[in-house]
Amino acid sequence: MISQSALLKVMSDAARKAARGLNRDFGELAELQVAKKAPADFVSAADIKAEQILFEALTKARPGYGFLGEERGMIEGSDKTHTWIVDPLDGTTNFLHAIPHFAINIALQREGVVVAALTHNPVTNETFWAEKGKGCYVNDHRLRVAARQRLDEAVLATGIPFLGHGQHAKFLKELHQVSQRVAGVRRFGAASLDLAWVAAGRYDGYWERDLKPWDLAAGILMVTEAGGKVTDADGGDEMLTKGSICCGNLDIHPLLLDRLQAAK
């Protein structure tokens, strides 16, 4: 049995506390869908409530740490070296449509470097977690990226730009370059779980643009700790500032990156 560090225990406890509320709200939302009411405000309330639970739990456990959340933005702490980066509900559109694929995402940044990460899926009760230099796990199982070496054997994940978001023409060029050379492309609608699944070897690689730090921070560490390679979509290391990502194992990553460059 793998035991989490005190830091990861804090993150895990906070995520599970928030997850209880999301699971309750998810059940109610399914009823709202059937009743054909307008659930958008309901989802916003669920989002805000989950972030409040995470904020209170993390702040109580580590007073003074900064907090960057999707809902409340940046809150400076007295400790300028540490910042929590939190998405209380990644996969909001899935949640809104009663699709059971969404996650709570927590990362801790120390002096600009992500040192701990946790992604929890409340529905499946899977908790993906990693600590810098200590590997990546799901619940108590060690994870490694997939071992496939060829694009024609690979299943990749991506995100599709939606209404008012992202660069549709650019995405279609990239999809054309990638999809004709791989075994499959999946779009499940939660970047945090896409990255966790690359770390778990379920996906062989993943790329996407127009993301936020709270989408990416945790998963970057997970894929790296599982033995994978992560860059931005241009091959650099500005994932959090550019909001783009390209990742996979050491064989698939350069092949995928080459396809993205060919789409320019």
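Predicted model: local features only at pLDDT ≥ 70, side-chain atom pairs only at ≥ 80, totals over all residues.
Arg 24 has a relative accessible area of 55%. Exposed means over 50%, so Arg 24 counts as exposed. As a general point, an α-helix has 3.6 residues a turn, so residues three or four places apart point the same way.

## A covered helix

Is helix α5 mostly covered or mostly open? Helix α5, residues 191–199, is mostly covered, and nine of its nine residues are buried. Among the buried residues of α5 are Leu 193, Leu 195, Trp 197 and Val 198. The buried residues of α5 also include Ser 192 and Asp 194.

Just after α5 comes Gly 201, which takes a positive phi of about 80°.

## The sheet

Strands of a sheet pair through backbone hydrogen bonds, either parallel or antiparallel. In this model, eight strands make up an open sheet with mixed pairing, and their order is β2-β1-β3-β4-β5-β6-β7-β8. Strands β2 (73–75) and β8 (141–142) are the edge strands, each pairing on one side only.

Which strand is joined to β8 by two bridges? Strand β7, residues 136–138, is joined to β8 in this way, and the two run antiparallel. Across this pair, Val 138 stands opposite His 141 of β8.

Notes
Residues numbered from 1 in each chain as written. Heavy atoms only, no water. Buried < 20%, exposed > 50% of the residue type's maximum accessible area, 1.4 Å probe, protein only. Helix = DSSP H or I, 4+ residues; strand = E, 2+ residues; numbered from the N terminus. Pairing = 2+ DSSP bridges.
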